Amino acid sequence: FFFFFFEKDKLILLMRIPTILAATCIMFVSCQQEQGCTDPNAANYNIEAVEDDGSCDYPPEIDGYTYDVVTIGDQVWFAENLRTKVYANGELITAVLPEWQWWSTTEGGVVVYGEGSSYCNSFSPDIDACDEAQSFEEYGCLYNGYAVEDTRGLCPTGWHVPTDSEWKVLEMELGMSESQACSTYWRGTDEGTKMKSISGWGGNGSGTDEIGFSALPGGTRIIDGYFYDAGYYGGWWSSSPGGPGIWRRNLSKDNSGIQRNYTYRTQGLSVRCLKDVE
């Protein structure tokens, strides 16, 4: 009789073990689900996380500005133009305003489209691009090639101005063949349209922004120091020397492709930063 109850107690205990194990597994899974980034300032903040797992990813920041980013293929790009007026080490980039200084300097220079008293035109359907406050908000800054090549760097730590080859990787991700990407001037079919923002381009030149690059027509400051074609044209530096200058990429309201050519270092163009490969 005693043996029977003893065995029954053992049976009851054994029957309870799977229940205890199941409850333990549920608690473990629940804890696993509640791990994540707990910092609200991080790009991947998880409101449901109760235990930080060290995965917090912070948006890039320089000169007091943080930037949206976009992943395209295996690359991570800024989703907006750079607007810093300091190098990565905190030193000021020379703000070159008068026309004669712009074309004669051999030092890094930064300017906002429409800044100062130089000639300026605006074709933007949304803003007065010759108003430097509106232009800065919409387009960021324009940099000369000397600033791009300065060893102090324009981009935040962990980021850099893309090389000509890295631009080609982006273009092939958009659909260009390797031979098209390696050619010059206007190439491709609709790759430029995929890069352009869905608004902000004059003359019905806006794009589809299929990849989240959100390219806007920030115009240029040419070698005579004048500001041209905001609303119609956008140009971005690479960091690769080419011909007598540096390779660049251009988008236009009149073309659905992407232009690849080189230009003099005294040109003023926009900059997009690319994340370093880990």
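Predicted model: local features only at pLDDT ≥ 70, side-chain atom pairs only at ≥ 80, totals over all residues.
**Entry 1**

Which residue of E17 faces Arg 248? I found Asn 261 opposite Arg 248.

I then looked up the sheet around them. E16 and E17 belong to an open sheet of four strands, in the order E12-E17-E16-E15, and the pairing is antiparallel. Strand E12 (185–187) and E15 are the edges, each pairing on one side only. From one strand to the next I read an average twist of 25°. A reminder to myself: strands of a sheet pair through backbone hydrogen bonds, either parallel or antiparallel.

One I looked up is Trp 77 with Phe 213: the ring centres are 5.7 Å apart and the planes stand at 70°, so I call the pair edge-to-face. Trp 247 and Tyr 262 also make a pair, with centres 5.4 Å apart and planes at 80°, so this one is edge-to-face. Trp 247 is in strand E16 (residues 245–252) and Tyr 262 in strand E17 (residues 255–263), so the pair ties together parts 15 residues apart in sequence.

Is Trp 247 buried or exposed? Its relative accessible area is 14%, under the 20% cut-off, so I log Trp 247 as buried. Tyr 262 comes out at 39%, so I log Tyr 262 as partly exposed.

**Entry 2: Trp 77 and Phe 213**

I went back to the other ring pair. Trp 77 sits in strand E6 (residues 75–78). Phe 213 sits in the loop between helix H7 (191–195) and strand E13 (220–221). The two are 136 residues apart, so to speak distant parts of the chain that the pair links.

What sits over the ring of Phe 213? I found the charged end of Arg 272 there, 4.2 Å from the ring centre. A second case is Arg 83, which lies over the face of Tyr 65 at 5.9 Å from the ring centre. I also noted one aromatic cluster, made of Tyr 67, Phe 78 and Trp 159.

E6 carries Trp 77, and I followed E6 to its partner. E5 and E6 run antiparallel and are joined by four bridges. Val 69 stands opposite Phe 78 in E6. The two strands form a hairpin with two residues between them. In the turn, Gly 73 has a positive phi of about 65°.

Which residues of strand E5 (residues 69–72) are on the covered face? Val 70 and Ile 72 are on the covered face, while Val 69 and Thr 71 are on the uncovered one. In a regular strand the side chains alternate between the two faces of the sheet.

**Entry 3: helix H5**

Asp 164 is in helix H5 (residues 164–174). Is Asp 164 buried or exposed? Its relative accessible area is 6%, so I log Asp 164 as buried. Beyond its sequence neighbours within four places, Asp 164 contacts Ser 238, Ser 240, Trp 247, Arg 249 and Arg 260. The buried residues of H5 are Asp 164, Glu 166, Trp 167, Lys 168, Leu 170, Glu 171 and Leu 174. Just after H5, Gly 175 takes a positive phi of about 130°.

**Entry 4: nonpolar cores**

The largest nonpolar core has 23 residues. Which members touch the most others? I listed Leu 82, Ile 93, Tyr 143, Leu 154, Trp 237, Val 271 and Cys 273. Helix H4 (145–149) and strand E15 (233–242) each give two or more residues to this core. Setting aside neighbours within four places, Val 271 contacts residues including Leu 82, Tyr 143, Val 148, Leu 154 and Trp 237. A second, separate core has 18 residues, among them Val 70, Leu 174, Met 176 and Ala 181. In soluble globular proteins, nonpolar side chains tend to be buried together.

**Entry 5: the three-strand sheet**

Last, I looked at the open sheet E7-E8-E10, which has mixed pairing. Strand E7 (94–95) and strand E10 (142–143) are its edges. E7 pairs with strand E8 (residues 109–111) in the parallel sense over two bridges. Ala 95 stands opposite Val 110 in E8.

Technical notes. Residues numbered from 1 in each chain as written. Heavy atoms only, no water. Core = buried A, V, L, I, M, F, W, Y, C linked by side-chain atoms within 4.5 Å. Buried < 20%, exposed > 50% of the residue type's maximum accessible area, 1.4 Å probe, protein only. Contact = heavy atoms within 4.5 Å. Phe/Tyr/Trp six-rings, centres within 6.5 Å; stacked < 30°, edge-to-face > 60°. Lys NZ or Arg CZ within 6 Å of the ring centre and 35° of its normal. Pairing = 2+ DSSP bridges. Axes fitted to C-alpha atoms, helices over the stretch in contact; angles between N-to-C directions.
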